Amino acid sequence: MRRTSSLPLFGTQIEADPGTAAVDAAGYAARVATQDWMRIGAELDERGNAVLPGLLAPQECAALAEAYDDDVRYRSRVTMARHGFGRGEYRYYRYPLPAPVQALRSALYPPLSQVAARWNRALGDAASYPPTLRDYLRRCHEAGQRCPTPLLLRYGEGDYNCLHQDVYGEHLFPLQVAILLSEPGRDFDGGEFVLTEQRPRMQSRVEVVPLRQGDAVAFAVRQRPQSGACGHYRVALKHGVSRVRAGRRHTLGLIFHDAL
Ligand SMILES: O=C(O)CCC(=O)C(=O)O
Ligand SMILES: [Fe+2]
């Protein structure tokens, strides 16, 4: 457990902010739908992560990153060094989410919920997922997990994000997505997105995920099934970001369960 929050809840409206409704939710849904979900599903099954290329255009990335200091959008700010989480900052959005964040979170949920359901079947876990994010969030909210978890992260030179899992309560959606909002080599150097996998009785394995601006990575929040000689076993995952060597790096994090 890493990122719980005891901050008060600023409303539970889960629809997009009408103030930014110029963004076309159907357009984001179409972009998500045209991703190669066969490949993404296969890569998630095989190694617990998959890249979704070009989910956001450069100007959309810039607009989200530039709004980092727009206080009204966020419910809290976390200074990572203060908690031993690394170095750098992140801010949790408040509801209603900015329209692109809401649209992407809603559009990504259905295809990822199919992977999640498959993983649960393989692991003998009875949890199931309703067909829409709205219904899934209703379930979280009824259990007291009402605080929105989508977040915007900002790293400067020397900053990094320690290996962690974004678990916030009993209801846990097994996959999450991070979208790189900055361009490697131009906006920053270093700052690679990394994942580790811990298999039973084996040493950890690390994976560096190459991302360009606007690319997303979908990955396991906590664990995934791995097929073995005697059926499936559990592999535990953690994710983080290596040290930013120069410049500034922003990420949009989309977590599907809400927080207590
Ligand atoms: O900045 C990153 O790429 C990692 C973000 C992260 O930890 C998350 O979205 O949960
Ligand atoms: Fe995270």
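Strand β11 (residues 216-220) is mostly covered in this predicted model, with 5 of its 5 residues buried. A residue is called buried if 20 or more other C-beta atoms lie within 10 Å of its own, exposed if 12 or fewer do, and partly exposed in between, with C-beta atoms placed from the backbone. Strands (E, at least two residues) and helices (H or I, at least four) are DSSP runs, numbered from the N terminus. Ala216, Ala218 and Ala220 point one way from β11. Val217 and Phe219 point the other way, and all of these residues are buried.

The model is predicted, so local features are given at pLDDT of at least 70 and side-chain atom pairs at pLDDT 80 or more, while totals for chains, interfaces and linings use all residues. Residues are numbered from 1 along each chain as its sequence is written, and chains are lettered from A and ligands numbered from 1 in the order in which they are written.

β11 pairs with two strands that are described here. Two strands pair if DSSP finds at least two bridges between them. Strand β1 (residues 49-52) is joined to β11 by 4 bridges, and the two run antiparallel. Leucine 52 has alanine 216 of β11 as its bridge partner. Strand β7 (residues 175-180) is also antiparallel to β11, with 5 bridges between them. Here isoleucine 179 stands opposite alanine 216.

Strand β4 (residues 89-93) runs antiparallel to β5, and 4 bridges join them. Arginine 91 has leucine 152 of β5 as its bridge partner. β5 and β15 are antiparallel too, with 5 bridges. In β15, leucine 252 is the bridge partner of leucine 152.

Strand β9 (193-198) shows an alternating pattern of side chains. Phe193, Leu195 and Glu197 point to one face and are buried. β9 and β10 run antiparallel and are joined by 5 bridges. Threonine 196 stands opposite valine 206 in β10. The hairpin of β9 and β10 has 6 residues between the strands. Arginine 201 lies in this loop, between β9 (193-198) and β10 (205-209). Its phi is positive, about 60 degrees, although arginine 201 is not a glycine. Arginine 201 is exposed, because 5 other C-beta atoms lie within 10 Å. β9 also pairs with β13 in the antiparallel sense, over 6 bridges. Valine 241 of β13 is the bridge partner of phenylalanine 193.

Both members of that pair also belong to the surroundings of ligand 1, where Phe193 and Val241 are listed with Leu153, Asn161, Asp166, Ala178, His239, Thr251 and Gly253. A residue counts as near the ligand if its C-beta atom, placed from the backbone, lies within 6 Å of it. β13 (231-241) and β15 (249-254) each supply at least two residues of this shell. The shell divides into 4 nonpolar, 4 polar and 1 charged residues. In this scheme Ala, Val, Leu, Ile, Met, Phe, Trp, Tyr, Cys and Pro are nonpolar, Asp, Glu, Lys and Arg are charged, and the others, Gly among them, are polar.

UniProt lists residues 146-259 as "domain: Fe2OG dioxygenase" in an unreviewed entry. UniProt positions follow the numbering used here, feature names are shortened, and annotations may be inferred rather than shown by experiment. Over residues 146-259 the chain is 0% helix and 54% strand. The end C-alpha atoms of this stretch are 6 Å apart.

Helix α5 (residues 99-123) has 25 residues, which should span 36 Å at 1.5 Å a residue. The expected span is 1.5 Å times one less than the number of residues. The end C-alpha atoms of α5 are 35 Å apart, which agrees. α5 bends by about 35 degrees at tyrosine 109, and proline 110 follows within four residues. The bend is the angle between axes fitted to the seven residues ending at a residue and the seven starting there. Proline 111 is also found in α5. Proline 111 counts as partly exposed because it has 18 C-beta neighbours inside 10 Å. Just after α5, glycine 124 takes a positive phi of about 70 degrees. Proline 96 is found in the loop between β4 and α5. The peptide bond from tyrosine 95 to proline 96 is cis, with omega near -5 degrees.
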